[in-house]
Amino acid sequence: MKTIVVYESKYGSTKKYAEWLADSLACELYERKAIRPEKLREYDTIVYGGGLYAGGVSGIRLLIDNFEALRHKNLVLFTCGLADPTDAENVARIRAGLAKALAPQMLETIKVFHLRGGIDYAKLGPVHKTMMAMLCAMTKKKGYDTLRNEEKEMLDTYGKIVDFTDRATTKPILDYIAGL
Ligand SMILES: Cc1cc2nc3c(=O)[nH]c(=O)nc-3n(C[C@H](O)[C@H](O)[C@H](O)COP(=O)(O)O)c2cc1C
């Protein structure tokens with residue numbers, strides 16, 4: 001079975017997971033911008049990973065725009081975000097975001113996993129820095145005691161370096177692919 005891992009990563013967390021997966025799977029690894037969509041037809045299993053930004057998955061258009069050509073393949077998507085994916089409410093939010101971007105048929109076909117990334121506020125570009133500052137200011141206004149754990153954690157770590165990347169969390173993806 002021919003497998004490929006493709007990713008889009010703005011600050012490196014998704015890239016790290018994609019590299020771990022490609023290493024474990026002993027398969028090819030491509031950055032989304034470096035691959036021609038037609039090349040994906042050569043593979044049986046396509047793993048796509050993208051960072052979460054305001055509920056959207058970076059580079060997800062690669063799967064959407066080429067779905068017709070790829071729908072009979074094993075399609076695996078992993079998201080990489082700051083929110084803890086062991087929290088069911090966070091997963092529900094990510095899924096709701098995916099449901100906005102992907103047609104129901106795509107969601108049925110694509111096997112989805114969620115991994116946890118990190119953030120280094122000092123490295124954010126100006127637009128992302130502003131977005132995070134606005135999000136934190138809005139969250140603060142709600143009153144600390146009313147916040148979800150996720151929001152409290154975001155305020156507590158605002159401006160710092162947070163890194164939740166963990167190779168062990170790729171295991172469910174590897175197990176799923178091994179079972180195909
Ligand atoms: C502007 C902005 C919006 C973000 N939105 C989300 C989000 O909706 N959900 C989430 O879990 N993480 C969110 N994050 C955190 C990123 O998903 C996290 O930093 C991830 O590790 C990025 O992966 P990458 O560096 O590979 O692109 C956001 C980060 C920024 C800077």
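1. Helix α1 (13-25). In α1, the buried residues are Ser13, Thr14, Lys15, Lys16, Tyr17, Ala18, Trp20, Leu21 and Leu25. A residue is called buried here if 20 or more other C-beta atoms lie within 10 Å of its own, exposed if 12 or fewer, and partly exposed in between, with C-beta atoms placed from the backbone. Helices (H or I, at least four residues) and strands (E, at least two) are DSSP runs, numbered from the N terminus. The end C-alpha atoms of α1 are 18 Å apart, which agrees with the 18 Å that its 13 residues should span at 1.5 Å a residue. That expected span is 1.5 Å times one less than the number of residues in the helix.

2. Basis of the note. The model is predicted, so local features need pLDDT of at least 70 and side-chain atom pairs count only at pLDDT 80 or more, while totals for chains, interfaces and linings use all residues. Residues are numbered from 1 along each chain as its sequence is written.

3. Ligand shell. The shell around the ligand has 24 residues, of which Ser9, Thr14, Gly51, Gly81 and Gly117 come nearest. A residue is near a molecule or strand if its C-beta atom, placed from the backbone, lies within 6 Å of it. By class, the shell holds eleven nonpolar, eleven polar and two charged residues. Ala, Val, Leu, Ile, Met, Phe, Trp, Tyr, Cys and Pro count as nonpolar, Asp, Glu, Lys and Arg as charged, and the others, Gly among them, as polar. At least two shell residues are supplied by each of α1 (13-25), β3 (45-53), β5 (74-81), β7 (118-120) and α6 (126-141).

4. Domains. The protein is divided into domain 1 (3-117 + 165-178) and domain 2 (118-163), with bounds that come from an automatic or database domain assignment. Taken over C-alpha atoms, the centres of domain 1 and domain 2 are separated by 24 Å. Nine residues of domain 1 are in contact with six residues of domain 2; contact requires that the C-beta atoms of two residues, placed from the backbone, lie within 7 Å. The side of domain 1 that touches domain 2 has three nonpolar, four polar and two charged residues. Domain 1 and domain 2 each contribute at least three residues to the shell around the ligand.

5. Strand β1 and its partners. Strand β1 (residues 3-8) is largely enclosed by the rest of the structure, because five of its six residues are buried. β1 and β3 pair in the parallel sense over six bridges, where two strands pair if DSSP finds at least two bridges between them. Glutamate 8 stands opposite glycine 50 in β3. β1 also runs parallel to β2, with four bridges joining the two. In β2, glutamate 28 is the bridge partner of isoleucine 4.

6. Strand β5 and its partners. Six of the eight residues of β5 are buried, so this strand is likewise largely enclosed by the rest of the structure. β3 and β5 run parallel and are joined by seven bridges, and tyrosine 48 stands opposite leucine 77 in β5. β5 is also joined to strand β6 (residues 111-116) by six bridges, again in the parallel sense. Glycine 81 stands opposite arginine 116 in β6.

7. Two alanines with positive phi. Alanine 26 has a positive phi of about 50 degrees although it is not a glycine. Alanine 26 is found in the loop between α1 and β2 (28-31), and is exposed, with 7 other C-beta atoms within 10 Å. Alanine 54, also not a glycine, has a positive phi of about 50 degrees. Its place is the loop between β3 and β4 (56-57), and alanine 54 is exposed, with 8 other C-beta atoms within 10 Å.

8. Two partly exposed positions. Asparagine 90 is found in helix α4 (residues 88-101) and has 19 other C-beta atoms within 10 Å, which makes this residue partly exposed. Leaving aside neighbours within four places in sequence, asparagine 90 is in contact with Ala83, Asp84, Pro85 and Glu150. Glycine 56, in strand β4, is partly exposed, with 15 other C-beta atoms within 10 Å. With neighbours within four places in sequence left aside, glycine 56 is in contact with Gly97 and Ala101. The C-alpha atoms of glycine 56 and tyrosine 144 are separated by 26 Å, the two residues being 88 residues apart along the chain.
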